[in-house]
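Dear colleague,

My notes on its contents follow.

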Amino acid sequence: MRIDLITKEYPPFIYGGAGVHVAELVRVLRSQIDVKVRCFGEVRDETDTFSYRHDAGFDTANPAVQTLATDLNMVEDIAGSDLVHSHTWYANFAGQVAGKLHGIPHLITAHSLEPLRPWKEQQLGGGYRLSSWIERTAYEDATGIIAVSAGMRNDILRAYPQIDPAKVSVVHNGIDLSAFQSASNPELVRSLGINPDARSVVFVGRITQQKGLPYLLKAAKQLPKDVQLVLCAGAPDTPQIQAEVTALVKELQDLRGNVIWVEKHLSRTELISVLSASTVFACPSIYEPLGIVNLEAMACSIPVVATATGGIPEVVAHGETGLLVPIEQVGDGSGRPLDEAKFVADFAGALNEMLENPKLAEFGAAGRRRAEQHFSWESIAEQTLGVYREAIAKFV
């Protein structure tokens with residue numbers, strides 16, 4: 001069986017959960033089947049991995065148009081594959097066209113949905129309308145769709161009600177358990193400005209509306225004075241949200257100090273060291289199809305306090321591996337809380353409850369066990385292979 005896997009992100013150029021998913025899935029799948037990876041950008045020094053760019057004539061085009069031009073440069077090379085598997089809207093167009101041209105099934109893994117990120121229209125304008133159109137038509141036309149959580153599956157069927165529910169299956173994201181495990185490295189943590197001997201609440205994520213960082217910054221006003229707030233946060237979506245976060249961080253620093261903002265992208269070693277030195281991991285997301293960051297914290301035996309939205313409740317077991325914070329959300333697709341003050345207060349209360357819990361270590365150990373039992377990449381790859389076989393059999 002030969003699978004052509006289409007993705008924008010691929011090592012060493014990864015900036016989000018979709019890229020992590022693809023990298024780990026490919027690593028395991030290649031031990032069992034023939035996988036060709038077709039990705040965007042710089043040339044990769046890896047067998048059966050091919051990089052593509054848009055042609056020079058598109059250098060001044062809208063970035064969404066550049067994406068489609070890059071996709072089209074992949075299509076001919078997909079000839080001979082048994083199935084094309086695309087990840088995110090950036091790659092969906094290549095998968096859709098290749099499926100039609102070569103007469104093969106097109107499978108999509110859904111990591112996020114454009115209709116549930118409406119703030120992107122303010123950022124991208126016509127590019128967002130184009131990405132939304134590409135995603136909708138690709139999903140409607142695909143042979144099959146993999147959702148990374150049951151919550152994500154529900155979102156797909158709600159956003160695109162014309163899709164046959166029978167073609168949407170659930171295969172969770174996974175975690176590299178051999179890499180992500182508790183590892184004390186106090187010197188490295190200190191080099192990032194963090195005191196490994198003090199209690200800390202840690203956030204890891206991009207500065208986007210969906211990650212909910214402003215809500216955490218407001219909730220952190222209620223943290224005990226001895227608790228550090230560690231923000232591993234960069235890659236802002238817009239100047240506006242960067243300015244909002246910067247102002248909130250300054251306000252918090254003036255109020256209580258103990259705010260460490262690490263803006264650079266952390267290496268895996270650095271990330272594991274920071275997680276391992278933390279007391280509680282915070283995930284205030286208002287939109288999260290699954291939340292690999294929560295799995296990474298759990299694999300490092302750190303309790304998680306997270307929003308009860310999207311696929312997060314399928315990862316974080318409330319009262320066992322951490323605490324889930326309820327949220328009532330605006331029905332416009334933005335995910336914003338109906339009552340921001342209540343959500344912020346509830347999040348602060350859950351953080352403080354977790355910080356003072358005498359069984360903190362037991363929560364961390366339970367998180368590690370849950371990651372091992374349900375989210376290994378070997379299990380995820382086996383389930384994905386099953387979806388491949390079913391899609392090919394049905395297509396024929």
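Tyr215 is buried, with a relative accessible area of 10%, and Phe343 is buried at 3%; buried here means under 20% relative accessible area, exposed over 50%, and partly exposed in between (1.4 Å probe, protein chains only). The model is a predicted one: local features need pLDDT of at least 70 and side-chain atom pairs count only at pLDDT 80 or more, whereas totals for chains, interfaces and linings use all residues. Residues are numbered from 1 along each chain as its sequence is written, and side-chain values use heavy atoms, with hydrogens and water left out.

A search of the whole structure finds four aromatic pairs. Rings of Phe, Tyr and Trp (its six-membered ring) pair if their centres lie within 6.5 Å; planes under 30 degrees apart count as stacked, over 60 as edge-to-face and the rest as tilted. Helices (H or I, at least four residues) and strands (E, at least two) are DSSP runs, numbered from the N terminus.

Phe343 also pairs with Phe347: their ring centres are 5.9 Å apart and their planes at 70°, so this pair too is edge-to-face. Phe343 and Phe347 are four residues apart in helix α12, about one helical turn, and both are buried. Tyr215, Phe343 and Phe347 form one aromatic cluster.

Ser81 is found in the loop between α2 (63-75) and β4 (83-87) and is buried, with a relative accessible area of 5%. Its side chain reaches the backbone oxygen of Arg2 at 3.2 Å and that of Leu83 at 2.8 Å. These are polar contacts (pairs of N or O atoms within 3.5 Å; within protein, one must be able to donate a hydrogen and the other to accept it, and residues adjacent in sequence count only if both atoms are side-chain atoms).

Finally, six strands form an open sheet with parallel pairing, in the order β10-β9-β8-β11-β12-β13; two strands pair if DSSP finds at least two bridges between them. β10 (259-262) and β13 (322-325) stand at the edges with a single partner strand each, so one side of each has no neighbour in the sheet. Strands β8 (residues 200-206) and β9 (residues 228-234) pair over seven bridges, and the bridge partner of Val204 in β9 is Cys232.

Yours sincerely
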